[in-house]
Amino acid sequence: GSDYLTNVIGKFRQTHPTVSYELILGVPVKQLDLLVEGKLDIAFIDNGDVFSKSYPISVETIQREDFVLVSSARFYTENIKGDHTLSKLQTIPIVDYLPHAPVARMWFKHHFGKSITDLNVSYSAESVRAVLKAISLGMGAGVIPSHLIDAETNRLKVISTEKKNLVNQITLALPLAKKLTLTEKIFISFLKAQK
């Protein structure tokens with residue numbers, strides 16, 4: 001939202017300067033509650049296929065991204081020491097987007113086939129940038145989109161297993177009964193063309 005979607009909005013405004021936006025960043029459940037209450041026109045959420053079973057929404061996958069577990073190099077050296085086993089990783093401090101660590105739990109379930117209920121969550125924030133900063137500061141390991149590992153964050157250590165990366169689907173969510181305005185239709189078409 002803070003990077004990709006804002007870039008798309010900036011490009012869209014070049015040809016549609018009278019359209020205004022309010023971007024609300026947050027976890028999918030909060031976004032969907034606002035969407036269903038009519039307080040959001042459209043929402044972009046993670047794992048919309050899962051949420052579409054619990055909310056009266058339609059979803060369409062817009063983008064896919066790999067989720068990777070990372071830590072700072074120092075945290076890795078001091079706490080993980082090359083041991084990428086379940087018994088080791090489930091004991092280290094975890095940084096996540098919510099206190100009950102749903103994204104880290106998905107990562108563990110994907111990589112080890114087990115639901116972990118007792119993760120040691122050291123920090124949580126509803127912002128990927130805040131989570132990334134906490135990881136960089138050595139507050140624990142956390143799951144982030146792999147495309148966020150760039151020159152600025154190249155000191156992060158990816159903690160991998162033999163399985164392929166967990167894939168996160170970014171989906172466009174709309175209330176089932178919503179009729180899109182012309183502006184919304186044009187914006188969604190523009191967004192899809194930006195891939």
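Modeller: Let us begin with contact, which means heavy atoms within 4.5 Å. Helices (H or I, at least four residues) and strands (E, at least two) are DSSP runs, numbered from the N terminus. This is a predicted model, in which local features need pLDDT of at least 70 and side-chain atom pairs count only at pLDDT 80 or more, while totals for chains, interfaces and linings use all residues. Residues are numbered from 1 along each chain as its sequence is written, and side-chain values use heavy atoms, with hydrogens and water left out.

Biologist: Which strands do the buried residues of H7 pack against?

Modeller: Buried means under 20% relative accessible area, exposed means over 50%, and partly exposed lies in between (1.4 Å probe, protein chains only). The buried residues of H7 pack against S2, S3, strand S4 (120–124), S5 and S6.

Biologist: Which residues of H7 are buried, and why do they lie on the same side of H7?

Modeller: An α-helix has 3.6 residues a turn, so residues three or four places apart point the same way. In H7 the buried residues are Val131, Leu132, Ala134 and Ile135. They cover an arc of only 160 degrees around the axis (taken from the directions from the helix axis to the C-beta atoms), which puts them on the same side of H7. After H7 comes Gly138, with a positive phi near 85 degrees.

Biologist: How many residues does the largest nonpolar core have?

Modeller: In soluble globular proteins, nonpolar side chains tend to be buried together. A nonpolar core is a set of buried Ala, Val, Leu, Ile, Met, Phe, Trp, Tyr and Cys residues joined through side-chain atoms within 4.5 Å. The largest here has 31 residues, and Leu89, Phe108 and Ile144 have the most contacts inside it. Among the elements that each supply at least two residues of this core are strand S2 (57–72), helix H6 (102–112), helix H7 (128–136) and strand S5 (141–145). Apart from this core lies another, of twelve residues, including Val8 and Leu191.

Biologist: What is Leu89 in contact with, leaving aside its neighbours within four places in sequence?

Modeller: The partners of Leu89 include Leu69, Ile80, Trp107, Phe108 and Ile159.

Biologist: Which residues of S5 are buried on one side and which on the other?

Modeller: Ala141, Val143 and Pro145 are buried on one side, Gly142 and Ile144 on the other. Five of the five residues of S5 are thus buried.

Biologist: In which sense, parallel or antiparallel, do S2 and S5 pair?

Modeller: Two strands pair if DSSP finds at least two bridges between them. S2 and S5 pair in the antiparallel sense over four bridges, and Val68 stands opposite Ile144. S3 pairs with S5 in the parallel sense over two bridges, with Ile94 opposite Ala141.

Biologist: How many salt bridges does the structure hold?

Modeller: Side chains of opposite charge can pair when their charged atoms come close. A salt bridge is a side-chain nitrogen of Lys or Arg within 4 Å of a carboxyl oxygen of Asp or Glu. The structure holds five. In one of them, the closest N and O atoms of Glu126 and Lys30 are 2.7 Å apart. Glu126 lies in the loop between S4 and H7 and Lys30 in helix H2 (residues 28–36), so the pair ties together parts that are 96 residues apart in sequence.
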